[in-house]
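Hello, and welcome to my notebook. These entries follow what I looked up, in the order I got curious.

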Amino acid sequence: MAQGTCGARKNVPARVCAQQVLDESVPMRMVVKIAGALLDDAEAVRLLARQIAQLTHEGHELLVVHGGGKIFTATLKRMGIESRFVNGLRVTDRETRDVAMMVLGGLLNKRMAGAISAEGQPAIGLCASDAGCFLAEPMMYEEVVGALGFVGYLTGVNLEFIESLWRAGIVPVASCLGLGADGELYNINADHMAAACAEYVHADRLIFMTDVAGVLDGKKVLKAVSSEEIENLIRQNKVSGGMILKLEACKRALSAGVSQVRIVGGNNENGLLSAANGQKGPGTRVTTSYPSTATGAGVGH
Ligand SMILES: Nc1ncnc2c1ncn2[C@@H]1O[C@H](COP(=O)(O)OP(=O)(O)OP(=O)(O)O)[C@@H](O)[C@H]1O
Ligand SMILES: [Mg+2]
């Protein structure tokens, strides 16, 4: 599982493909992560669906992963279930997990897949249990496995199945759940899931579409952040909450060989297209090494 080749260039090792992404005309394999908050905004959903459809028509292979943070929390609240977070991770008892299946695997997943399909590009909403497409193991917290309940991390992707969807011209849309060896579904932080997916499918690019314009330093959007800078941003309390998890996920993807990682505002009309098609896209580019001014370091708007 999760052994494969890179992008649309079958039988070409991922390392070779990483060099080829400089040629924008080459079809690429991309993981696009969509924030849960964006899925509650009909216009944002439409904009993203249109761009996902366009990129697919251009020949790129997209795996869409979505979160559900705020909507999931609001639904739990309506049902009288309290949310508790430890280090940004939601403590997930069985009742909470079952609501995750309904909201993440159901409502939001079908909403996004439906929006892409409505743009003329067939998409399929996937939950981990479908063809065992996303596997998970319970997370260890303070040396105790499962201390956070049904919280897991991604341990495998049924790449053969995902590739069969791409070959059939269908965009897979994944909710952030993983299937455990015990047959239970585990809630996975969507950013960590997207980064792990990017690694398992040997993606060329990983693009996070979020509810802010990028990584902010005060009111300014940082144009680029290096892996080394991430620790400083956290230490100086310049980033917090979900953004810490997102930056950790970016680091993981970069160290796994994903050549371009970017955090972009999801309400930006052509944000995904520009992020997918070039180096000088909107939002924040996360890089392995300290960015030089020539590659767009510093702050933007
Ligand atoms: N320096 C920062 N720059 C930008 N956002 C920040 C920063 N520090 C904290 N944040 C928070 O991080 C949030 C983004 O992470 P969050 O987990 O809420 O969303 P997401 O990961 O995009 O979506 P989801 O959790 O639904 O998958 C922003 O809305 C903002 O409140
Ligand atoms: Mg998040």
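**Entry 1: ground rules.** I take helices (H or I, at least four residues) and strands (E, at least two) as DSSP runs, numbered from the N terminus. This is a predicted model, and local features need pLDDT of at least 70, side-chain atom pairs count only at pLDDT 80 or more, while totals for chains, interfaces and linings use all residues. Residues are numbered from 1 along each chain as its sequence is written, and chains are lettered from A and ligands numbered from 1 in the order in which they are written.

**Entry 2: the overall count.** I found nine helices and 19 strands in the protein. Next I checked burial, where a residue is buried if 20 or more other C-beta atoms lie within 10 Å of its own, exposed if 12 or fewer, and partly exposed in between, with C-beta atoms placed from the backbone. Of the 301 residues, 47% are buried. For contacts, I ask that the C-beta atoms of two residues, placed from the backbone, lie within 7 Å. Among contacts with a separation of 6 or more, 73% join residues 24 or more positions apart.

**Entry 3: the sheet.** I count two strands as paired if DSSP finds at least two bridges between them. In what order do the eight strands of the open sheet run? I read the order as 5-10-2-1-13-17-18-16, with mixed pairing. Strand 5 (123-126) and strand 16 are the edges, each pairing on one side only. From one strand to the next, the twist averages 20°. For angles, I use axes fitted as lines to C-alpha atoms, for helices over the stretch in contact, and the angles run from 0 to 180 degrees between N-to-C directions.

I then looked at single pairs. Strand 1 (residues 29-34) and strand 2 (residues 61-66) run parallel and are joined by six bridges; here V31 stands opposite L63. Helix 4 (residues 94-118) packs on the sheet, touching strand 1, strand 2, strand 5 and strand 10 (171-175), and its direction makes about 160° with that of strand 10.

**Entry 4: strand 18.** Parallel or antiparallel: how does strand 16 (residues 224-226) run beside strand 18? The two run parallel, with three bridges, and V225 faces V286. Strand 17 (residues 260-265) also has three bridges to strand 18, but this pair is antiparallel; there I saw R262 opposite R285. Within strand 18 (residues 284-287), T284 and V286 point one way, R285 and T287 the other, and all are buried. Helix 8 lies across strand 13 (205-210), strand 17 and strand 18, at about 155° to strand 17.

**Entry 5: around ligand 1.** I call a residue near a molecule if its C-beta atom, placed from the backbone, lies within 6 Å of it. Which of the 20 residues around ligand 1 come nearest? They are A35, G36, G67, G69 and G242. Helix 6 (190-200) and helix 8 (242-255) are the elements that give two or more residues to this shell, and helix 8 gives the most, with three. I sorted the shell by type: Ala, Val, Leu, Ile, Met, Phe, Trp, Tyr, Cys and Pro count as nonpolar, Asp, Glu, Lys and Arg as charged, and the others, Gly among them, as polar. That gave eight nonpolar, eight polar and four charged residues.

I stayed with A35, which sits in the loop between strand 1 and helix 2 (42-57). A35 counts as buried because it has 25 C-beta neighbours inside 10 Å. Leaving out residues up to four places away in sequence, A35 touches G67, M209, T210, D211 and G266. A35 and G266 are 231 residues apart along the chain, yet their C-alpha atoms are separated by 8.0 Å.

**Entry 6: the core.** A nonpolar core, for me, is a set of buried Ala, Val, Leu, Ile, Met, Phe, Trp, Tyr and Cys residues joined through C-beta atoms within 7 Å. The largest has 85 residues, and V31, V64, A194 and C197 have the most contacts inside it. Not counting residues up to four places away in sequence, C197 touches V31, L63, V65, L154 and V157.

Entry 7: Most residues other than glycine have a negative phi. E143 is not a glycine, but I found its phi positive, about 65°. E143 lies in the loop between strand 7 (140-141) and strand 8 (144-145), and it counts as exposed because it has 6 C-beta neighbours inside 10 Å.
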